[in-house]
Amino acid sequence: MSGINLAILGATGVVGSEILNVLEKSSLPINSIKMLSSSRSAGKKVIFKGQEYTVIETKPEEFEGIDIVLASAGASTSKTYADTIVKAGAVIVDNSSAFRMEKDVPLVIAGANDDDLRKHKGIVANPNCSTSQLMLVLKPLHEYANIKRLIVSTYQAVSGAGKAAMDELLAHTEAKITGKEFETKAFVKPIAFNLIPQIDIFCDNAYTKEEMKVVNETKKILHLKENTPISCTAVRVPVFIGHSEAVTVEFEKPLTAEKAREILENAYGIVVMDDIENKIYPTPTFVAGKDPVYVGRIRKDLAFDNAIAMWVVADNLRIGAALNTVRIAEKLVEMKLVKNS
Ligand code: A2P
């Protein structure tokens, strides 16, 4: 095999930079790599594996000869270039919401539903960050006891909204401390020392689009019945990196907290961090920069007969975006589902 010709669409963004970090340690056989952005960052320099690369403005002809495009430049950019990328014979692994719910597009968490990759027609979608971290946790529990009902509350870091949102949390916090005026731009409400129970816009059913992504993407990835009851409340919190989730799952078959803990201790990509006597459970600052999904506070849920409650924390830029993107690329090559593999 001659190696893969890669393009990073959105190489200068928060997720794009994290993709490059993850790729540094990946076993993916890379023949060449191209850094793409909008005209704003064209000409900037990016370091990868000790080598300097000049960022190039994205144009259709840049995808000729490329095998895999790792895209994290927003839904409209992905929609603009997807056809060109597919016609060039490449596979786009897309981080945006543009294609996630399309029938012909596999929505994949590596290690949870790899076989869905076999159905790809040039586009593979990476789930929304709050769905992603849940899937590696729910998949092995679902295999054992069948999910009947799911209730999730998310506490989502600002990095999920990009670099401008991270900059705003810092600037707003400084303004608050020093008593200066601050004009909110990246969020619909002030983010410093606050919580915002709205991520993305509201849908007709009074849930937000972010919440409905968790509902719909979970069903697609785990192949759940369309009428499986799932409810989500998504909240933006003044944390830079690391999404946390309070999760209640009701099962068809009996599942004790002890058994759930045992299953998760042996599951791919999960670290159980659950020792309440010693105050051990995961927090966002602990997980930032780490690959696994951390699970703690595993206990019998008191509101349902056969349910488990737990606390799930992960680096939203890693498993929620960059890490899964790179893992999908690795799987595509391993399963020989891309040219040059
Ligand atoms: P640029 O640096 O030129 O703005 P973030 O979500 O962290 O803000 O990053 C978004 C990424 O997507 C950046 O790399 C950004 O490039 C890139 N991007 C945004 N719009 C486009 C576009 N129309 N074409 C190509 N890349 C884009």
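**Reading the model**

Guide: Lys-119 is placed in the loop between strand 7 and strand 8 (123-125). Please keep in mind that this is a predicted model.

Visitor: Is Lys-119 buried or exposed?

Guide: The term exposed applies over 50% relative accessible area. Lys-119 has a relative accessible area of 52%, so Lys-119 is exposed.

Visitor: Which residues does Lys-119 touch, leaving aside those up to four places away in sequence?

Guide: With that exclusion, Lys-119 touches Asp-104 and Pro-106. Asp-104 lies 15 residues from Lys-119 along the chain, and the C-alpha atoms of the two are separated by 7.3 Å.

Visitor: How should I read the directions of side chains along a strand, taking strand 6 as the case?

Guide: In a regular strand, side chains alternate between the two faces of the sheet. In strand 6 (residues 68-71), Ile-68 and Leu-70 point one way, while Val-69 and Ala-71 point the other way. All of these residues are buried.

Visitor: What is the order of the strands in the open sheet of six strands?

Guide: The order is 10-9-11-14-13-12, with mixed pairing. Strand 10 (230-236) and strand 12 (270-272) are at the edges; each has a single partner strand, so one side of each is left without a neighbour in the sheet. From one strand to the next, the twist averages 20 degrees.

Visitor: How many bridges join strand 12 to strand 13?

Guide: Three bridges join strand 12 to strand 13 (residues 293-300), and the two run parallel. Val-272 stands opposite Val-295 in strand 13.

Visitor: Which helix lies across strand 9, strand 11, strand 12, strand 13 and strand 14?

Guide: Helix 3 (residues 129-145) lies across these strands, running at about 25 degrees to strand 11 (243-251). His-142 is in helix 3. At 17% relative accessibility, His-142 counts as buried, the limit for that term being under 20%. Not counting residues up to four places away in sequence, His-142 touches Ile-147, Leu-222, Leu-224 and Phe-251.

Visitor: How many disulfides does the structure hold?

Guide: The structure holds zero disulfides. A disulfide would require two cysteine sulfur atoms within 2.5 Å. For Cys-129, the nearest cysteine sulfur is that of Cys-232, 11 Å away. Cys-203 is likewise in no disulfide; its nearest cysteine sulfur, that of Cys-232, is 11 Å away. Cys-129 counts as buried at 12% relative accessibility, whereas Cys-203 is partly exposed at 27%.

Visitor: Which residues touch the most other members of the largest nonpolar core?

Guide: Nonpolar side chains tend to be buried together in soluble globular proteins. Here the largest nonpolar core has 100 residues, and Leu-23, Met-35, Leu-70 and Met-310 touch the most other members. Helix 8 (residues 318-334) provides the largest share of this core, nine residues.

Conventions: Residues numbered from 1 in each chain as written. Predicted model: local features only at pLDDT ≥ 70, side-chain atom pairs only at ≥ 80, totals over all residues. Heavy atoms only, no water. Pairing = 2+ DSSP bridges. Helix = DSSP H or I, 4+ residues; strand = E, 2+ residues; numbered from the N terminus. Axes fitted to C-alpha atoms, helices over the stretch in contact; angles between N-to-C directions. Contact = heavy atoms within 4.5 Å. Buried < 20%, exposed > 50% of the residue type's maximum accessible area, 1.4 Å probe, protein only. Core = buried A, V, L, I, M, F, W, Y, C linked by side-chain atoms within 4.5 Å.
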